[in-house]
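Visitor: Please show me the model and take me through it by question and answer.

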Amino acid sequence: MQAAKSGRNFPLTEQTHFVFNPLLRNLKGLKEPMKPFVLTFLFVACLTACRQNEYADLNNTEWIHGSPDCTNNQDPPIQAVACGNDTWIFRQNKCIHYEAPFMFLFEGQERALLIDTGAPFGNRGFPLEEMVRSIIKEKDLIVAHTHTHGDHHGADSQFAGKPHTTVIGWSQEQVQTYFGLTSWPEQTTSVDLGNRTIEIIPIPGHDTASVAFYDPVSRWLLTGDSFYPGRLYVRDWDAFRRSIMRLSDFCLSHQVEYLLGNHIEMTMTFGKDYPTGTTFQPEEHPLPLRFEQLRILRDSLKLMDTPARKVFDEFIVEPVMEM
Ligand SMILES: [Zn+2]
């Protein structure tokens, strides 16, 4: 059975893909002094195009999704999609790292927040800091993380020590200290970007330091690796159940359009995921999930006192036994 797709279309957002990807592809061939000018032009063009729309229709966004043979992959190292008012989603090329995580950039009037920096990229090009700076220029930047796993802070070193940049450590202690979270995980907090306040909700279970981020401007709830169209690896079953309950309560008291995680591992066929470690995912499930899907998970977990694998239409719960 095929998962349903939304019918809305935003042609200008599509233009962003067509303009952006081939030009980024060709950046390798450009002489070094030209790159900043080309990048600047691209970002200005994309911002101008996308600001004429509301938000990108993420149900119809086609992401770069790797190749069967990565030696022939022509996609850019990072796909950038501009959404609405100063909001960006980046996806890492699957041929750089099979996890192909998503990263998110929210820009306020005074500062910007980058959530996650991708998976390790070895000696391959992965110009995340360059891309972010081309968008936000000299604005203060906070780099935060959804949790501690290595495929979420791969490019932290690009940001460490740079001007106008604060990189928050990814451990639970560092997250608690920076955001002043004294009562973990029940307490929530927020970070003010200037006319845009992002809420932070601790959701341990996949990882001890997992947090969700809510942006009231886009109405996106970023759920990291705790809830996304893929395999939800659960290391602390009881903590995960409580986190999903709290996240559901949060959705009921806030306007949430999309729940966005950091990966796609489900195909368009209900209950079917791609093989772990694949570098090619044609016909991916759309990135966004909605509260209806979280409610299905919440209601199931209420009845699951002990850890058990369970396949749902659009995600799979996978308990993990730590060694
Ligand atoms: Zn993870």
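Guide: Residues are numbered from 1 along each chain as its sequence is written.

Visitor: What is the average pLDDT of the protein?

Guide: pLDDT is the predictor's confidence in each residue, from 0 to 100. A score of at least 70 is reached by 82% of the residues. The pLDDT is below 50 over residues 1-31 and over residues 36-53. The average for the protein is 86.

Visitor: How many contacts does the stretch of residues 1-31 have beyond near neighbours in sequence?

Guide: Two residues are in contact if their C-beta atoms, placed from the backbone, lie within 7 Å. Where pLDDT is low, the predicted coordinates should not be read in detail. For residues 1-31 the count is 51.

Visitor: How many strands does the protein have?

Guide: Helices (H or I, at least four residues) and strands (E, at least two) are DSSP runs, numbered from the N terminus. There are seven helices. The number of strands is 14.

Visitor: Is strand S1 largely enclosed or exposed?

Guide: A residue is buried if 20 or more other C-beta atoms lie within 10 Å of its own, exposed if 12 or fewer, and partly exposed in between, with C-beta atoms placed from the backbone. Ile78, Ala80 and Ala82 point one way from S1, Gln79, Val81 and Cys83 point the other way, and all are buried. Because six of the six residues of S1 (residues 78-83) are buried, the strand is largely enclosed by the rest of the structure.

Visitor: Which residue in S2 is the bridge partner of Gln79?

Guide: Two strands pair if DSSP finds at least two bridges between them. S1 and S2 (residues 87-92) pair in the antiparallel sense over six bridges. Their hairpin has three residues between the strands, and Gly84 takes a positive phi near 60° there. The partner of Gln79 in S2 is Arg91.

Visitor: Which residues in the largest nonpolar core touch the most other members?

Guide: A nonpolar core is a set of buried Ala, Val, Leu, Ile, Met, Phe, Trp, Tyr and Cys residues joined through C-beta atoms within 7 Å. The largest has 67 residues. Not counting residues up to four places away in sequence, Leu114 touches Met103, Leu105, Val132, Leu141 and Val143. The residues asked for are Trp88, Leu114 and Ala212.

Visitor: Is Lys137 buried or exposed?

Guide: Lys137 is found in the loop between helix H3 (128-136) and strand S5 (140-144). Its phi is near 55°, a positive value in a residue other than glycine. With 10 other C-beta atoms within 10 Å, Lys137 is exposed.

Visitor: What is the omega of the peptide bond from Trp184 to Pro185?

Guide: Pro185 sits in the loop between helix H5 (172-179) and strand S7 (189-192). The bond from Trp184 to Pro185 is cis, with omega near 5°.

Conventions. Predicted model: local features only at pLDDT ≥ 70, side-chain atom pairs only at ≥ 80, totals over all residues.
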